[in-house]
Amino acid sequence: MENNLNEQILDKLTKVCTCKAIPRSKIKDAIKVGAHTVEEVSKATGACIGGCRGYRCTPKIQQLIDEHLKNN
Ligand code: FES
């Protein structure tokens, strides 16, 4: 319970896409409701369209998708 809460807090605080300030919680929510490619997550959240054009956030998003698909 406490670990889950800590993870939720960290997910809200941690920016996956720093250019657009998109938190990990938003990325995870998009993945949970069916965005299973980086492009789909980008469309749903606005990630990957900042100054670096996804250079920094694409690998992190792909990792979150892979983790989701492995665990579900
Ligand atoms: S970190 Fe996502 S577009 Fe730059």
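Which residues in α2 meet Val-41, Ala-44 and Thr-45 in α3? The legends below begin with the whole chain and then return to this contact.

**View 1. Overall arrangement of the protein chain in a predicted model.** This is a predicted model, in which local features need pLDDT of at least 70 and side-chain atom pairs count only at pLDDT 80 or more, whereas totals for chains, interfaces and linings use all residues. Residues are numbered from 1 along each chain as its sequence is written. The protein chain holds four helices and two strands, which follow one another from the N terminus in the order α-β-β-α-α-α; helices (H or I, at least four residues) and strands (E, at least two) are DSSP runs, numbered from the N terminus. The radius of gyration of the protein chain is 12 Å, close to the 11 Å that the globule rule gives for 72 residues, so the chain is as compact as a globular protein of that length; the radius is taken over C-alpha atoms, and the rule is 2.2 Å times the number of residues to the power 0.38. The C-alpha trace spans about 35 × 25 × 15 Å along its principal axes.

**View 2. The packing of α2 against α3.** Lys-26, Ile-27, Ala-30 and Ile-31 are the residues of α2 that meet Val-41, Ala-44 and Thr-45 in α3, where contact means that C-beta atoms, placed from the backbone, lie within 7 Å. The two helices, α2 and α3, pack at an angle of about 115°, with their axes 10 Å apart; axes are lines fitted to C-alpha atoms, for helices over the stretch in contact, and angles run from 0 to 180 degrees between N-to-C directions.

**View 3. The buried side of α3.** Val-41, Ser-42 and Thr-45 are the buried residues of α3. They cover an arc of only 100° around the axis, which puts them on the same side of α3; the arc is that of the directions from the helix axis to the C-beta atoms. A residue is buried if 20 or more other C-beta atoms lie within 10 Å of its own, exposed if 12 or fewer, and partly exposed in between, with C-beta atoms placed from the backbone. The cover over the buried residues of α3 includes β2 (22-23), α2 (24-32) and α4.

**View 4. The largest nonpolar core.** Of its 13 residues, Val-16, Ile-27, Val-41, Ala-47 and Ile-61 touch the most other members, and β1, α2 and α4 each supply at least two residues of this core. Such a core is a set of buried Ala, Val, Leu, Ile, Met, Phe, Trp, Tyr and Cys residues joined through C-beta atoms within 7 Å. Leaving aside residues up to four places away in sequence, Val-41 touches Ile-27, Ala-30, Ile-31, Ala-35, Ala-47 and Ile-61.

**View 5. Positive phi values after α3.** Gly-46, with a positive phi near 90°, follows α3. Most residues other than glycine have a negative phi.

**View 6. Ala-21 and Ala-47.** Ala-21 lies in the loop between β1 (15-17) and β2 and is exposed, with 12 other C-beta atoms within 10 Å. Ala-21 and Ala-47 are 26 residues apart in sequence and 8.3 Å apart in space, C-alpha to C-alpha.

Notes
Two residues are in contact if their C-beta atoms, placed from the backbone, lie within 7 Å.
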